[in-house]
Amino acid sequence: MTFKATLLAAGAALALAGSAAADPVKVGMITTLSGGGASLGIDTRDGFMLAVEAAANPDLTVVIEDDQQKPEIAVQLADKLIQSDKVDVLTGIVWSNLAMAVVPAATAQGKTYLSTNAAPSQLAGKGCNPGYFSVSYQNDNLHEAAGAYAATAGIKRAFIMAPNYPAGKDSLSGFKRFYEGEVVSEVYTQLGQTDYASEIAQIRASDADGVFIFLPGGMGISFVKQYAESGVGLPLIGPAFSFDQSILQAMGDAAVGVLNGANWSPDLDTAANATFVEGFRAAYGRLPSVYAAYGYDTANLLLSAMAKAPVSDTEAFRAALKEADFASVRGKFSFAPSNHPIQDLYVREVVKEGDIYTNKIVGTAMTDRGNPYEDACKM
């Protein structure tokens with residue numbers, strides 16, 4: 001599935017370009033638009049394109065491809081985008097195993113990669129690269145927020161669980177980094193798993209007084225529904241991905257009251273966020289998710305760099321990206337030397353407002369949190 005968007009509003013473009021010497025920029029977006037993780041990729045695409053369409057910059061072209069949540073497909077698409085479509089920038093991958101298959105090869109070929117989501121630890125420390133920017137977070141961050149807040153939520157003995165892939169391992173590492181209680185069991189499930197009867201039986205048999213899960217997309221929907229039906233009743237805590245807008249409606253009442261670590265929320269009080277949430281609802285008829293927020297910020301970061309430097313001058317263009325001279329929906333936002341963000345982390349609670357399930361911020365877990373692997377990055 002290929003979608004090409006060439007945007008043609010010269011007046012807005014001149015305001016953004018800032019220089020008569022602006023280069024055309026072609027972006028290749030590889031994201032998940034089909035299968036169990038499709039809602040995450042759709043929100044990524046829609047958030048990114050909302051900002052692109054608002055800017056209406058004729059120098060920007062976006063080619064969007066569906067990776068089907070398969071690493072081999074993502075690699076094929078990256079090769080096509082780089083070699084045939086001649087893209088300048090790559091973006092959009094949701095899943096860390098796909099990012100690990102694509103990003104190192106893309107940056108080795110001199111391309112710039114802007115991550116709208118996946119930010120594995122392997123690319124944050126020793127594997128950092130001048131051409132790789134994570135606009136979202138480092139994979140551990142939102143789990144760190146949940147871990148730091150868990151004791152406040154009354155969880156002294158935690159059963160922790162995540163899928164067995166790079167982001168799953170990062171998630172449990174992040175939770176444990178700031179969790180002050182006892183981890184009574186650490187379980188890795190299959191990526192894409194939908195039946196959690198065995199794991200719920202393990203939770204029931206444990207002496208845990210709370211459960212931390214990282215199960216994005218359809219995995220989270222399946223687990224939360226089955227967990228609610230089981231009657232185990234221990235409190236759940238997780239990262240935003242497991243209780244995000246893109247899947248909350250499918251979870252329904254089973255998710256109400258759950259706490260989750262986040263770096264963004266639809267009720268975050270910033271002018272840019274208010275504009276984003278209103279614009280997203282008007283354009284798509286639904287509340288945005290964290291994936292949409294990251295996509296929107298990524299597009300605005302890219303546009304800010306295009307206004308300052310031509311993409312043909314790789315060093316200057318990447319320096320312009322590094323300045324992060326855009327109004328993030330998250331408020332204050334800057335890049336550390338590793339090209340990962342420094343930002344505040346929050347705790348949200350799932351609530352029901354009328355017929356809509358959403359999240360509200362209930363506390364700040366960490367301020368100015370960066371990349372835990374920063375010291376290993378030698379840039």
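In this predicted model, the side chain of Lys26 reaches the backbone oxygen of Asp85 at a distance of 3.0 Å. Lys26 has its place in strand 2, which covers residues 25–31, and because its relative accessibility is 26%, the residue counts as partly exposed. Leaving aside residues up to four places away in sequence, Lys26 touches Thr61 and Val63 as well as Asp85, Lys86, Val87, Asp88 and Val89. Gln69, by contrast, stands 43 residues from Lys26 along the chain, and the C-alpha atoms of these two residues are separated by 23 Å.

The chain as a whole is divided into domain 1, made of 7–139 and 268–343, and domain 2, made of 141–263 and 345–376. The C-alpha centres of the two domains lie 26 Å apart, and where the domains meet, 35 residues of domain 1 are in contact with 34 residues of domain 2. Domain 1 and domain 2 bury about 2700 Å² between them, with 56% of that area on carbon and sulfur atoms. Of the area that domain 1 buries against domain 2, Gln138, Asn139 and Gln343 supply 21%, more than any other three residues.

Polar pairing also links the two domains, with 16 residue pairs in polar contact across the interface, both residues at pLDDT 80 or more. On the side of domain 1 that touches domain 2, the elements giving two or more residues are helix 2 (38–55), helix 4 (96–108), helix 11 (290–306) and strand 13 (341–353). The count of salt bridges between the domains is one, and the side chains of Lys332 and Asp368 meet in a salt bridge with an N to O distance of 3.0 Å.

A search of the whole structure finds one disulfide, which is formed by Cys128 and Cys377. Cys128 lies in the loop between strand 5 (112–115) and strand 6 (132–134), whereas Cys377 lies in the segment after strand 14 (356–369), so the pair ties together parts that are 249 residues apart in sequence. The link is right-handed, with 95 degrees about the S-S bond, and both Cys128 and Cys377 are buried.

The table sets side by side the distances given for named residue pairs.

| Pair | Distance |
|---|---|
| Lys26 side chain and Asp85 backbone oxygen | 3.0 Å |
| Lys332 and Asp368, N to O | 3.0 Å |
| Cys128 and Cys377, sulfur atoms | 2.1 Å |
| Lys26 and Gln69, C-alpha atoms | 23 Å |

Terms used:
Residues are numbered from 1 along each chain as its sequence is written. This is a predicted model: local features need pLDDT of at least 70, side-chain atom pairs count only at pLDDT 80 or more; totals for chains, interfaces and linings use all residues. Side-chain values use heavy atoms; hydrogens and water are left out. A disulfide is a pair of cysteine sulfur atoms within 2.5 Å. Helices (H or I, at least four residues) and strands (E, at least two) are DSSP runs, numbered from the N terminus. Buried means under 20% relative accessible area, exposed over 50%, partly exposed in between (1.4 Å probe, protein chains only). Domain bounds come from an automatic or database domain assignment. Contact means heavy atoms within 4.5 Å. Buried area is the accessible area (1.4 Å probe) that two parts lose on being put together, summed over both. A salt bridge is a side-chain nitrogen of Lys or Arg within 4 Å of a carboxyl oxygen of Asp or Glu. A polar contact is a pair of N or O atoms within 3.5 Å; within protein, one must be able to donate a hydrogen and the other to accept it, and residues adjacent in sequence count only if both atoms are side-chain atoms.
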